[in-house]
Amino acid sequence: TANDAPSGKQPTATYDSAFLKACRREPVPHTPVWFMRQAGRSLPEYRKVREGIPMLESCARPELVTEITLQPVRRHGVDAAIYYSDIVVPLKAIGVDLDIKPGVGPVVEQPIRTRADLARLRDLTPEDVPYVTEAIGMLTRELGATPLIGFAGAPFTLASYLVEGGPSRTYENAKAMMYGDPQLWADLLDRLADITAAFLKVQIEAGASAVQLFDSWAGALAPADYRRSVLPASAKVFDAVAEHGVPRIHFGVGTGELLGLMGEAGADVVGVDWRVPLDEAVRRVGPGKALQGNLDPTVLFAGKDVVEAKAQEVLDAAAGLEGHVFNLGHGVMPKTDPDALTRLVEYVHGASAR
Ligand code: CP3
């Protein structure tokens with residue numbers, strides 16, 4: 001498998017990149033860096049090529065996807081690219097009536113609330129997303145040795161949008177289903193696990209070198225509820241892609257109390273937000289997994305000296321780790337100065353050079 005040796009689609013130089021080595025907990029020449037949401041609204045060149053093109057339409061245009069994915073790699077010199085798409089793309093591809101409203105987020109026309117609604121979630125096949133296969137083929141040719149990270153939304157985070165009908169701060173409808181009709185909830189998450197696994201497989205088979213499962217909103221759950229009502233579906237996704245041997249990253253926000261369980265779900269790398277320092281996070285996750293994180297994204301608004309001091313704190317907390325991928329604790333905020341990101345990459349590379 002690609003985890004044990006360079007394989008099939010993966011060039012040796014990609015396999016030997018600092019990012020994939022860190023994911024495998026091997027020694028690295030420098031700490032690798034990439035940023036969640038590095039492709040997107042912080043970049044003027046992104047806003048320019050997206051002008052007049054709705055978000056979901058942009059995700060279905062392979063040339064545009066390739067350009068937007070490459071923009072932060074060119075500009076910042078990050079150690080990995082993340083595929084430009086969105087967590088709701090596979091749902092749209094199987095016919096769920098949803099859209100991404102600017103400044104709001106994903107909005108679902110008819111929320112999923114009953115057993116009859118589940119019928120709207122059919123299986124995803126590669127033929128539903130030909131543009132993904134095409135774009136990743138183009139990207140891996142352009143990227144050379146830089147690895148491409150594929151991604152998907154985790155069943156809970158997808159369910160939160162599908163059941164609420166849009167973004168939520170409380171997840172009251174989703175959690176009401178989870179507590180009130182556990183069988184319907186389990187069946188919904190199981191459907192979403194199959195769709196998510198199929199979507200990740202398309203990306204890996206097209207050439208993605210690693211995958212990240214975004215369970216962005218899992219931090220809303222108590223550990224016992226996460227273990228009983230969410231972990232089985234996320235574990236099903238990780239199990240389904242294990243045969244491909246690419247590193248699997250598991251990320252959520254506000255998940256300090258869930259870090260051990262998120263590792264247990266089957267991740268090789270656990271993403272940590274800024275609320276838990278990495279030396280504490282490693283105790284919670286336990287041995288055998290790399291960590292990714294965890295600079296507070298708002299630090300980038302505080303000036304160069306502060307950014308460097310805070311980045312150094314992250315590196316110091318990660319000093320005893322076997323594998324560390326530097327990232328923010330959540331996505332790049334739209335108003336972030338892109339030059340601050342470029343300088344941060346330079347700083348982390350320089351300060352961690354071995
Ligand atoms: O660079 C990258 O990280 C790749 C692109 C990416 C997007 N969405 C593009 C996007 C990724 C990885 C995502 C994942 C995603 N989408 C998540 C998980 C990551 C996280 O932040 O926790 C979630 C929860 C979503 C759902 C979603 N889509 C939200 C909350 C929003 C923002 C709504 C807004 O306008 O404030 C989107 C839209 C979206 N996805 C944009 C981008 C670049 C902005 C829309 C635009 O540029 O027109």
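**Note on the predicted model**

1. Asn-294 has its place in strand β8 (residues 290-295), where strands (E, at least two residues) and helices (H or I, at least four) are DSSP runs numbered from the N terminus. A cis peptide bond, with omega about -5 degrees, joins Gly-293 to Asn-294.

2. The model is a predicted one, in which local features need pLDDT of at least 70 and side-chain atom pairs count only at pLDDT 80 or more, while totals for chains, interfaces and linings use all residues. Residues are numbered from 1 along each chain as its sequence is written.

3. An open sheet of 7 strands runs in the order β1-β4-β5-β6-β7-β8-β9, with parallel pairing, two strands being taken as paired if DSSP finds at least two bridges between them. Its edge strands, each of which pairs on one side only, are β1 (81-82) and β9 (324-328). Within this sheet, β6 (residues 248-251) and β7 (residues 269-271) pair in the parallel sense over 2 bridges, and the bridge partner of His-250 in β7 is Val-270.

4. Which residues of helix α9 (residues 172-180) are buried? They are Ala-174, Met-177 and Met-178, where buried means that 20 or more other C-beta atoms lie within 10 Å of a residue's own, exposed means 12 or fewer, and partly exposed lies in between, with C-beta atoms placed from the backbone. Seen down the axis of α9, these buried residues fall within an arc of 100 degrees, so they line one face of the helix; the arc is that of the directions from the helix axis to the C-beta atoms. The face turned away from the buried side carries the exposed residues Glu-172, Tyr-179 and Gly-180. The cover over the buried residues of α9 includes α8 (155-164), α10 (182-206) and α11 (223-229).

5. The largest nonpolar core has 117 residues, and among those with the most contacts inside it are Ile-149, Ala-159, Leu-189 and Leu-291. Such a core is a set of buried Ala, Val, Leu, Ile, Met, Phe, Trp, Tyr and Cys residues joined through C-beta atoms within 7 Å. Helix α10 gives the most to this core, with 13 residues. Leaving aside residues up to four places away in sequence, Ala-159 touches Ala-174, Leu-188, Leu-189 and Leu-192, contact being defined by C-beta atoms, placed from the backbone, within 7 Å.

6. Arg-37 is in the loop between α2 (18-23) and α3 (44-50) and is partly exposed, with 17 other C-beta atoms within 10 Å. Tyr-171, in the loop between α8 and α9, is buried, with 21 other C-beta atoms within 10 Å.

7. Val-108 lies in strand β3 (residues 105-108) and counts as partly exposed, with 18 C-beta neighbours inside 10 Å. Its contacts, not counting residues up to four places away in sequence, are Val-96, Leu-98, Tyr-161, Leu-162, Gly-165 and Gly-166.

8. Of the 22 residues around the ligand, Ala-39, Gly-40, Gly-105, Phe-214 and Ser-216 come nearest, a residue being near a molecule if its C-beta atom, placed from the backbone, lies within 6 Å of it. The shell divides into 12 nonpolar, 6 polar and 4 charged residues, where Ala, Val, Leu, Ile, Met, Phe, Trp, Tyr, Cys and Pro count as nonpolar, Asp, Glu, Lys and Arg as charged, and the others, Gly among them, as polar.

Technical notes: Contact = placed C-beta atoms within 7 Å.
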